[in-house]
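Hello,

Here is the structure I promised to pass on. My notes on what turned up follow below it.

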Amino acid sequence: DAAAAAAAAVAAAEELASAPKPGEKSTEWAEGPELLIKQSLLVGNLAAAVECCFKSGRNAEALLLASGGGTTLWTRARDEYLRLQGDAFLSTVGNIMTNEFEKLVASSNLASWMETLAIIATYSGDQYPQLCEQLAERLEKEKFDIRSAVICYICAKNFSKTVSIWANTHVASMGSKKLALQDLVEKMAVLQEMTKFNQADALFNAKLTQYAEILANSGRLTAAMRYLCLLREDASSAILRDRIYNSAPMQMSQMFGRQPAFPFEHTDIRVLYQPPVQAAPQQMYQQQGMAAHGGMPAAPAPGYQQPGMPQAPQGMHQGMQQQVGGHMPQRPAMPGPGMPPAPHMPQPAMGG
């Protein structure tokens with residue numbers, strides 16, 4: 001009996017040793033989930049085989065089987081594998097493989113923002129500027145890390161936002177306003193050249209114009225004009241451009257080309273001559289006649305009929321014209337013997 005009991009104990013121990021331990025995968029495909037996987041493979045149902053592999057914890061086998069089942073099955077298996085892992089880095093890897101970079105940036109840890117920036121710089125391609133700006137906004141609004149946000153804005157080539165942050169922080173960091181302005185303008189000029197920024201920006205124009213005016217007032221006209229050439233022609237710098245150019249037209253035209261546009265509006269201030277209104281012919285004749293007779297009214301013009309007066313006979317009118325014109329026949333000097341005396345002709349009244 002003792003020997004039989006000992007033999008049974010040995011057999012039980014061997015059975016337990018050969019049985020799979022918890023968490024250990026069975027190498028026998030004759031029972032359990034392994035049998036289902038095997039049967040699915042035999043009938044060509046790869047999707048069911050992959051699903052059984054994931055349910056039984058055989059993730060590697062699931063990916064292996066999915067790789068031969070086409071793109072759709074492989075994508076489903078890959079996404080399921082990444083979901084089951086629950087690993088942050090593998091989630092990032094999954095976003096890279098699926099090109100979900102916006103989701104990657106939105107869910108990334110801001111404490112390791114440089115790693116996120118390196119990932120999108122390596123894999124995102126044309127989406128890089130947009131993703132850099134998204135990361136910069138998160139750093140600025142969620143972490144309040146302005147310095148790091150500026151780096152991301154520069155990578156995104158966002159000229160206006162970078163200049164705005166620089167303008168708000170330079171005075172406090174430099175102490176002197178003029179030194180801060182000089183440092184700001186130099187950095188903006190370098191950034192403009194790097195980003196090829198050629199649009200109108202109010203802050204950029206104001207700062208460069210202010211610095212150029214300081215240079216011009218200190219006699220550095222050429223340097224001032226060089227900075228103004230970085231700007232597009234606008235009203236804020238037009239007067240200063242004209243002032244600097246006309247201070248040395250020959251030198252400026254040789255160095256910078258054509259003359260800038262005149263900053264003021266041309267206005268014609270000449271007085272338009274208006275001739276006086278001419279008087280009526282009757283009034284002019286009366287005025288001339290009064291001047292000739294010492295203030296007395298002159299005789300009316302030949303042929304003129306005053307209102308309400310009867311018209312003179314035509315013969316009398318012609319006689320008056322001859323008298324006025326000085327063409328009356330001369331009277332004989334004295335009647336000679338045998339000659340009748342000259343008839344007496346009445347003289348017309350003058351001015352009456």
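A salt bridge here is a side-chain nitrogen of Lys or Arg within 4 Å of a carboxyl oxygen of Asp or Glu. Please keep in mind that this is a predicted model.

Salt bridges first. The whole structure holds seven of them. In one, the side chains of E34 and R58 meet at 3.2 Å, N to O. E34 sits in helix α2 and R58 in the loop between α3 and α4, so this pair ties together parts 24 residues apart in sequence. Both E34 and R58 are buried. E34, R58 and E61 are linked in a network of salt bridges.

E140 and K161 form another, with their closest N and O atoms 3.7 Å apart. This one links helix α9, which holds E140, to helix α11, which holds K161; the two parts are 21 residues apart in sequence. E140 is buried, at 18% relative accessible area. K161 is partly exposed, at 30%.

R78 and D79 also pair up, at 3.4 Å, N to O. R78 is buried at 13%, while D79 is partly exposed at 36%.

Now the second largest pocket. Its volume is about 300 Å³. The lining has 14 residues, with A88, T92, S108, N109 and T116 nearest the centre. Helices α6, α7 and α8 each give two or more residues to that lining. The largest share, five residues, comes from α6. By type, the lining splits into four nonpolar, eight polar and two charged.

T116 is worth a look. T116 belongs to helix α8. Is T116 buried or exposed? T116 is buried, because its relative accessible area is 5% and the cut-off for buried is under 20%. Beyond its close sequence neighbours, within four places, T116 contacts L104, V105, S108, N109 and L135.

Best wishes

Terms used. Residues are numbered from 1 along each chain as its sequence is written. This is a predicted model: local features need pLDDT of at least 70, side-chain atom pairs count only at pLDDT 80 or more; totals for chains, interfaces and linings use all residues. Side-chain values use heavy atoms; hydrogens and water are left out. On a 1 Å grid over the protein atoms alone, a cavity is a set of points where a 1.4 Å probe fits but cannot get out, and a pocket is an open set with protein on both sides within 12 Å along at least five of seven lines; lining residues have an atom within 4 Å of a point. Grid points are joined across faces, edges and corners, and a volume is the space filled by probe spheres set on the points. Helices (H or I, at least four residues) and strands (E, at least two) are DSSP runs, numbered from the N terminus. Ala, Val, Leu, Ile, Met, Phe, Trp, Tyr, Cys and Pro count as nonpolar, Asp, Glu, Lys and Arg as charged, and the others, Gly among them, as polar. Buried means under 20% relative accessible area, exposed over 50%, partly exposed in between (1.4 Å probe, protein chains only). Contact means heavy atoms within 4.5 Å.
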